[in-house]
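Student: Please take a close look at one pair of packed helices, and then connect that pair to the rest of the assembly.

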Amino acid sequence: MGLQVQAQPAASDTQTTRTEQALWRRRLPGLLVETWLRGQAALLYIFLYAPIAVVVLYSFNNSRRVMTWGGFTTKWYYAAWTSPDVTSSLQISLTAALLNAVLAVSLGTLAALGMRSAPRWLRIGFEGLVYTTIITPEIVVAIASLLYFVSLNISLGLQTIVVTHAVYNTSIVTLIVATRLAGMDRTLEEASADLGATPFGTFWRVTLPQLYPAVLAGALLAFTFSFDDFILSFFVSGVGSTTLPLNLFSRLRFGVSPIINAVAATMLTLTLTAIVIAQLVLRKGARGTRVARVEEVAGG
Amino acid sequence: MRAVSSLPFTERVLILLRRLPPWAHSFVLLLPAVVWYAVFFLGPLWQMVLISFAQRGPYGGVEPGFYLDSYQELTNPLYVNVFAVTLKMALIGTLACLVIGYPLAYFLATRAGRYKTVLLLLIIVPFWTSFLIRTYAWETILDSQGVLSNVLQAIGVIHQPLQVLYSPVAIFIGIVYNYLPLMVFPLYVALERMDKRLVEASKDLGAGRFATFRQVTLPLTLPGVMTGCLLVFIPLTGEYLIPTILGGSKNIFMGSLIANQFLEVRDWPFGAALGVMVMVLLLVLVNIYLMVFRRVQSVPGL
């Protein structure tokens with residue numbers, strides 16, 4: 001349309017400008033919207049990465065004061081990872097996250113399978129319970145669990161952290177696996193049963209391979225939730241079981257230090273690596289299951 | 001056929017399992033999770049309700065019994081105000097995430113093209129760092145001696161050090177930063193699933209850009225808006241870390257008030273009563289919200 005206007009012979013200058021003006025008036029809102037959409041997206045990405053950039057940058061800062069730049073150094077990384085309280089709290093965090101993930105995945109996967117064939121009343125009731133655990137604010141679960149453990153004389157520590165985390169994560173795994181099950185083809189399982197496989201055999205060799213991506217995704221989410229959790233651990237951890245976030249929090253009370261930035265930067269690198277590896281495994285696993293499924297059906 | 005009793009034990013169990021009605025299977029599968037929830041979720045909640053009716057002991061402990069003291073204390077204007085301020089904060093925070101998140105989700109769903117997956121991934125990556133550290137990083141940035149303040153002063157936007165930290169503005173920056181993905185993802189899914197032909201039809205029939213958005217796109221993505229708002233609003237009502245780190249000591253919200261009953265004041269019954277109150281409030285609000293939403297959705301032509 002713009003070409004048309006330009007291609008017109010300049011019959012009268014005033015008319016051309018008027019047409020151009022009208023064109024602009026029509027186009028301007030669209031142009032503004034497009035610019036706005038792209039501009040805002042770009043600004044938001046800067047907004048999302050600004051704190052990360054600050055953390056990584058200052059972890060290499062050769063100055064005790066966080067706000068001033070004193071040159072490049074890696075000494076904070078050395079200081080962070082040779083400090084016994086950082087390494088021991090990391091160990092506690094990893095143990096808690098792992099145990100919690102195992103618990104949540106077992107309970108959640110079983111529950112999702114149970115929900116599939118449950119009668120309406122049971123399914124709705126159970127779903128209600130699952131959603132209630134998700135709706136309840138963490139701070140409420142945290143204090144309720146603290147009161148509960150204290151009044152039952154259960155000593156606070158790793159065990160209480162794990163079970164409290166696993167409540168929320170069981171719900172997350174249940175929902176993820178249930179979603180996958182809902183989209184799954186049941187004919188394979190029926191075929192397996194018809195061909196004489198035991199229920200357990202069908203589960204192990206037909207259902208589980210198909211569920212694998214959802215189970216792994218649930219496990220990853222459960223692990224990261226627990227690994228990053230602050231509030232629940234803050235209330236139900238005992239004296240000897242300081243997780244990494246709790247350790248960082250107590251350090252941060254004395255101000256942001258380069259050591260904390262170094263810990264954070266390392267953790268980010270580690271999680272990114274873990275996610276990339278998980279993605280690769282998942283993709284490979286998905287391909288593997290398809291092959292296994294074909295073999296299973298053909299061989300059975 | 002052999003008699004059941006002569007089979008090995010595992011086979012017998014399997015045969016027995018097969019004879020059970022289907023709901024019994026699902027019950028067996030659901031049982032571990034139900035027991036888990038009963039012991040470690042409903043149990044604690046029940047204990048919280050019980051203790052909310054107890055009385056504070058002389059040394060900060062709990063004296064069991066049935067008292068309404070804690071609930072009476074809740075009507076103190078001081079605490080009512082904290083509740084009101086928290087709900088306001090959660091509401092504004094949710095709306096801020098919606099207003100900022102919708103254009104981003106729209107951009108991702110309609111304009112990102114082949115970079116869609118990468119751009120979506122880039123939204124989650126910051127959330128693989130610790131929540132705590134992300135929030136503290138904002139303290140570094142917003143500090144009056146911090147990065148942003150220095151940069152803005154250098155380019156002449158402001159002439160005094162930045163006075164944002166420990167103010168409501170800093171809290172909202174923290175909220176939008178930490179809750180934006182929870183809003184963007186449901187919106188993105190809704191926009192992505194929407195039938196794009198409806199938008200074209202609307203434009204072909206002569207509707208303008210904004211009319212099409214208001215009358216076609218927005219109503220069709222309303223379920224996404226609802227999910228996103230719920231996902232942000234619910235955890236915001238109990239938010240503890242963001243106001244604690246970025247809000248300083250002046251801005252007290254429900255989360256901090258509850259935590260303080262355990263960390264500083266040692267008034268467990270009152271803390272428990274506050275927790276019960278939050279639960280009840282949330283359940284009521286969420287149900288009203290869902291009811292209103294269903295009614296709005298059933299109005300034709302919205």
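Tutor: The crossing of α8(B) over α11(B) is right-handed; a crossing is called right-handed if the near helix is turned clockwise from the far one by less than a right angle, and left-handed if anticlockwise. The model is a predicted one, in which local features need pLDDT of at least 70 and side-chain atom pairs count only at pLDDT 80 or more, while totals for chains, interfaces and linings use all residues. Residues are numbered from 1 along each chain as its sequence is written, and chains are lettered from A and ligands numbered from 1 in the order in which they are written. Helices are DSSP runs (H or I, at least four residues), strands likewise (E, at least two), and both are numbered from the N terminus.

Two packed helices are described by the angle between their axes and the distance between the axes. For this pair, the axes of α8(B) and α11(B) come within 7 Å and cross at roughly 160 degrees. Therefore α8(B) is roughly antiparallel to α11(B). Axes here are lines fitted to C-alpha atoms, for helices over the stretch in contact, and angles run from 0 to 180 degrees between N-to-C directions. Angles under 35 degrees count as roughly parallel, over 145 as roughly antiparallel, 65 to 115 as roughly perpendicular, and the rest as oblique.

On the α8(B) side, the contact uses I175(B), Y179(B), L182(B), M183(B), P186(B), L187(B), V189(B), A190(B) and L191(B). They meet P223(B), G224(B), V225(B), T227(B), G228(B), L231(B), V232(B) and L236(B) of α11(B). Contact means that the C-beta atoms of two residues, placed from the backbone, lie within 7 Å. By class, the residues of this contact divide into 14 nonpolar, 3 polar and no charged. Ala, Val, Leu, Ile, Met, Phe, Trp, Tyr, Cys and Pro count as nonpolar, Asp, Glu, Lys and Arg as charged, and the others, Gly among them, as polar.

Helix α8(B), residues 168-193, also packs against α6(B), residues 131-142, at an angle of about 140 degrees, with the axes 11 Å apart. The two helices are therefore oblique to each other, and α6(B) passes α8(B) in a right-handed crossing. F131(B), R134(B), T135(B), W138(B) and L142(B) of α6(B) meet A170(B), I173(B), G174(B), Y177(B) and N178(B) of α8(B). This contact of α6(B) with α8(B) has 6 nonpolar, 3 polar and 1 charged residues.

Buried means 20 or more other C-beta atoms within 10 Å of the residue's own, exposed 12 or fewer, and partly exposed in between, with C-beta atoms placed from the backbone.

Between the chains, 65 residues of chain B are in contact with 68 residues of chain A. The elements giving two or more residues to the chain B side include α6 and α11 (222-237) of chain B. The most, 19 residues, come from α2(B). By class, that side has 46 nonpolar, 14 polar and 5 charged residues.

Chain A has 12 helices and 0 strands, and of its 300 residues, 35% count as buried. One of its packed pairs is α4(A), residues 84-117, with α11(A), residues 244-252, at about 145 degrees and with axes 7 Å apart. D85(A), V86(A), S89(A), L90(A) and S93(A) of α4(A) meet L244(A), L246(A) and N247(A) of α11(A). That contact has 4 nonpolar, 3 polar and 1 charged residues.

Finally, a point on backbone angles in chain B. Most residues other than glycine have a negative phi. R266(B) is not a glycine, yet has a positive phi of about 55 degrees. R266(B) lies in the loop between α13 and α14 of chain B and counts as partly exposed because 15 C-beta neighbours lie inside 10 Å.
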